[in-house]
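Q: Can you walk me through this one? I'd like to take it piece by piece.

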Amino acid sequence: MPRHRFTLAALATLAVPGLDVAVTRTFTGGGDGQYDAALITDALGSHFIVRAPVDRSSAERLEAEERALGALTSGARARLPFDAPTVVGVLPKPRTVVGGYIEGVRLQPPVVRPDGPLAGSVGRALAAVHDLPAAVVADAGLPVASAADCARAVDELVRRADSCGDVPLELVGRWSAAAADPALWRFRPTVVHGAMGAECVLVDREGERVTGLLGWGLLAVGDPARDLAWALGLPEPGAPAAVLGAYAAARPQEHDPALAQRALLYAELELVRWLLHGLERRDPVVVEDAVQMLEALLASVLEHTAGSLGHDRMPPLTVAEVERMLAARHAAPLAAQASSSSSSE
């Protein structure tokens with residue numbers, strides 16, 4: 001049974017001694033029910049979010065996010081052009097986390113347009129994350145992966161996909177070839193958010209700029225393309241290229257001609273993650289959904305409209321050239337609701 005907002009407020013006062021709660025509201029934040037949550041306002045008018053996990057899985061995700069947010073020092077946060085959540089207090093039992101409230105609304109993908117300011121803001125926000133010093137992650141004991149590690153992780157995921165028997169062999173071959181192509185994996189690992197998706201992005205009410213990023217539980221050093229994969233599924237024609245172009249312009253010192261191909265690879269592999277999630281949960285609805293999306297992806301591959309993962313056609317990362325690569329089709333829909341990338345209430 002969900003905890004009442006008054007119960008959450010009472011737990012918040014135990015997690016934050018001296019907290020004087022004046023107003024309590026039920027809070028969903030556009031999330032998917034992983035947490036019981038409330039928005040509380042103290043006597044001085046400051047807002048806080050109280051979250052309590054609903055099961056063991058959400059408790060583990062919440063604990064991982066606490067560790068990651070602890071790694072974001074004040075110096076690191078000062079380098080970001082948006083707000084990241086803060087942890088104000090923690091109650092060990094029952095597990096309750098009180099955090100600062102970030103102004104903004106959840107990003108709706110259709111509002112990202114190639115000729116609007118939001119595409120540039122999204123690209124620059126991701127670039128700022130990737131420009132954080134790697135020591136921010138390493139010093140906190142969070143995962144640090146090399147380019148070779150990232151390639152091996154992709155290969156392992158493809159092997160799992162092959163073993164389940166529900167993934168077309170043509171797709172397995174496509175992804176295996178990409179994992180084995182050394183030209184794709186010549187990049188400098190960066191700090192990565194690790195769970196990026198539209199559900200993690202807060203924007204102002206005018207829909208012009210990013211105000212915050214949520215869901216930091218997979219903060220690590222790894223492949224920056226992983227954080228860009230979700231943007232390839234933005235529905236407005238030209239929007240994916242605009243985000244990638246703004247990102248590249250914000251990091252001119254980094255030359256990574258395979259970035260767009262790896263982002264496309266990760267976007268396609270989200271379908272595999274969704275399938276494996278359904279198989280692990282024994283959820284036939286999720287499995288069927290994933291199988292249908294994989295079949296649609298296979299059709300686009302066979303029709304040569306899926307975009308190339310090979311280095312022979314790698315374009316420089318400019319708006320015009322990336323848009324040509326993506327013009328034939330949008331990337332397969334990302335399984336944003338999969339537990340591996342979900343971090344909302």
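Q: What is the bridge partner of L91 in strand 5?
A: L91 has T96 as its bridge partner there. This is a predicted model, where local features need pLDDT of at least 70, side-chain atom pairs count only at pLDDT 80 or more, and totals for chains, interfaces and linings use all residues. Residues are numbered from 1 along each chain as its sequence is written, and side-chain values use heavy atoms, with hydrogens and water left out.

Q: How do strand 4 and strand 5 pair?
A: In the antiparallel sense, over 4 bridges. Two strands pair if DSSP finds at least two bridges between them. Strands are DSSP runs of E with at least two residues, helices are runs of H or I with at least four, and both are numbered from the N terminus.

Q: How many residues sit between strand 4 and strand 5?
A: There are 4 residues between them, and the two strands form a hairpin.

Q: What about strand 3 and strand 5, how many bridges there?
A: Strand 3 (residues 47-53) and strand 5 (residues 96-100) pair over 4 bridges, in the antiparallel sense. V50 stands opposite V98 of strand 5.

Q: What is the strand order in the sheet?
A: The order is 1-2-3-5-4, in an open sheet of 5 strands with antiparallel pairing. Strand 1 (21-26) and strand 4 (87-91) are at the edges with a single partner strand each, so one side of each has no neighbour in the sheet.

Q: New topic. How do helix 4 and helix 9 cross?
A: The axes of helix 4 (residues 117-130) and helix 9 (residues 239-250) cross at roughly 45° and come within 7 Å. Axes are lines fitted to C-alpha atoms, for helices over the stretch in contact (heavy atoms within 4.5 Å). Angles run from 0 to 180 degrees between N-to-C directions. Helix 4 and helix 9 are therefore oblique to each other. Angles under 35 degrees count as roughly parallel, over 145 as roughly antiparallel, 65 to 115 as roughly perpendicular and the rest as oblique.

Q: Which residues of helix 9 make the contact?
A: A242, V243, A246, Y247 and A250. On helix 4, the contact includes A119, V122 and L126.

Q: Last one. How many aromatic pairs are there?
A: The structure holds 3. In one of them, F27 and Y101 have ring centres 6.4 Å apart and planes at 85°, so the pair is edge-to-face. Rings of Phe, Tyr and Trp (its six-membered ring) pair if their centres lie within 6.5 Å; planes under 30 degrees apart count as stacked, over 60 as edge-to-face and the rest as tilted.
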